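Notebook open, model loaded. I want to go through the metal site and then the strands.

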Amino acid sequence: MFTLAAGIWSAWGAAGGAAILLAGVSGALVFLRRTRQRRQTRETCPKCLAVGTLSAVMDGASPGLRVIHCRNFLTEVAGDAGEECGFEFLEHYRNLPKLSFTTLGAPGSGKTFWALQLYSHLIQGRYPGNVTFTRIEGPGAERFDQMVDFALNNRIAPSATQVSALPDPIVFAFQNHNRAARLRQCLVNLFDFPGEVTVRHTHSSTLRRRQLQADGYVFFLDPTLPAQLQGDALAKFVENVAALRQIPVGRQLDVPLAICLTKLDLLAAPHRGSSDGWVDRFYDRLRTIDPSGESLAPEVIDRRSELIREILPRLFPGWDMLRQAEGFFGPRWKLFPLTPVGLNDATSANAGSLVERMIEPYGICEPLLWMLDQNGAAVLPQGPTFRG
Ligand SMILES: [Zn+2]
């Protein structure tokens, strides 16, 4: 009897010891993984994604502040000479997780105008009250300050984005007031890539690689541009992402894709001749679903997405553009209606010009907030409590 009890006790002890050992080993593995992730975050340049090329320097303009400078040399951009990445940001932000979001779409599809409207909204605080975006100074912010002044104050449309160099991102420190969210704070880096990178470059080019190495994509469909050009670009994008990230056939990508149907205000022009009035019905339904274009309620986002899906065959007859994206992104893609100018004057003769237009943008922040939500920020269920 005594021997049996001792044996059971001994077995319990061994099992308990093994469990403690297992818990200790798994705890150590988690600790090591987090330490490695923190080091990776700290050492990775948000612009060029090089690791180990960052060094701290004193900020000449602000004595006492330390700035992180990237010394990576980019040999495949800026012509034959190449150039140093040179990205700089305050050391204060070095340990924050850094998310990259990139624009894609054919040349002239409205990427830059959306990006500058988004920038303008964020610096004015026109976003939900449960988050905060703080602008980080840098060359991207300087360029966008200038473009906002040109486009929104002086009504001069932005010029085409340079193709020769890696674009400087506009950077915001994101703070999430939802304590239950997995992502509480991060640096948001938004890259406005030129349209040529979407339609001409392959996944082996430096610019294209950086465009595809993102935590979310904003792909622009322009109803005024040819369907084949854009359908091919979307198909090539899916192929290139799969190749670059080495995603096996049949597997889905764990990164969100916001497909934006832009220039909504110009829908009427090329389809004015249609006799059944579908364009007017579309505007009416869109205004019914979301009059302000600022709702973040998940059901509103879903209904707007479905509405866009319904009209795509009318806009791009014969092109099932979404088939490849659907299979590759699974549930992590949505269609967003967008106009950085507004739905007003939709049928007027000067609808294509910024001059004399009353600029009332529609649906500007939703793609970014949805992508942040998809990355763990949990901002959507908090509701559409917009400021500004
Ligand atoms: Zn860099």
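Predicted model: local features only at pLDDT ≥ 70, side-chain atom pairs only at ≥ 80, totals over all residues.

Started with the spacing of the zinc donors: along the sequence the donor residues run C-x2-C-x21-C-x14-C. I then asked what the pair Cys 45 and Cys 85 ties together, and where each of the two sits. Cys 45 is in the loop between helix 1 (2-43) and strand 1, while Cys 85 is in the loop between strand 4 (83-84) and strand 5, so the pair links parts that are 40 residues apart in sequence.

Next, which atoms hold the zinc ion? I found the SG atoms of Cys 45, Cys 48, Cys 70 and Cys 85 as its protein donors, lying 2.3 Å from the ion. Checked the geometry too: the angles among the four donor atoms are 107 to 113°, and the site is tetrahedral.

Three of them make an open sheet, ordered 1-2-5, with antiparallel pairing. Strand 1 (54-58) and strand 5 (88-90) are the edges, each pairing on one side only.

Zoomed in on one pair. Strand 1 and strand 2 (residues 66-70) run antiparallel to each other and share five bridges. Which residue of strand 2 does Val 57 face? I traced across and got Val 67, standing opposite Val 57.

Note on methods
Residues numbered from 1 in each chain as written. Heavy atoms only, no water. Pairing = 2+ DSSP bridges. Helix = DSSP H or I, 4+ residues; strand = E, 2+ residues; numbered from the N terminus. Donors = N, O, S within 2.8 Å, 3.2 Å for Na, K, Ca; no water. Tetrahedral: all angles 85-135°; square planar, octahedral: opposite > 155°, others 65-115°.
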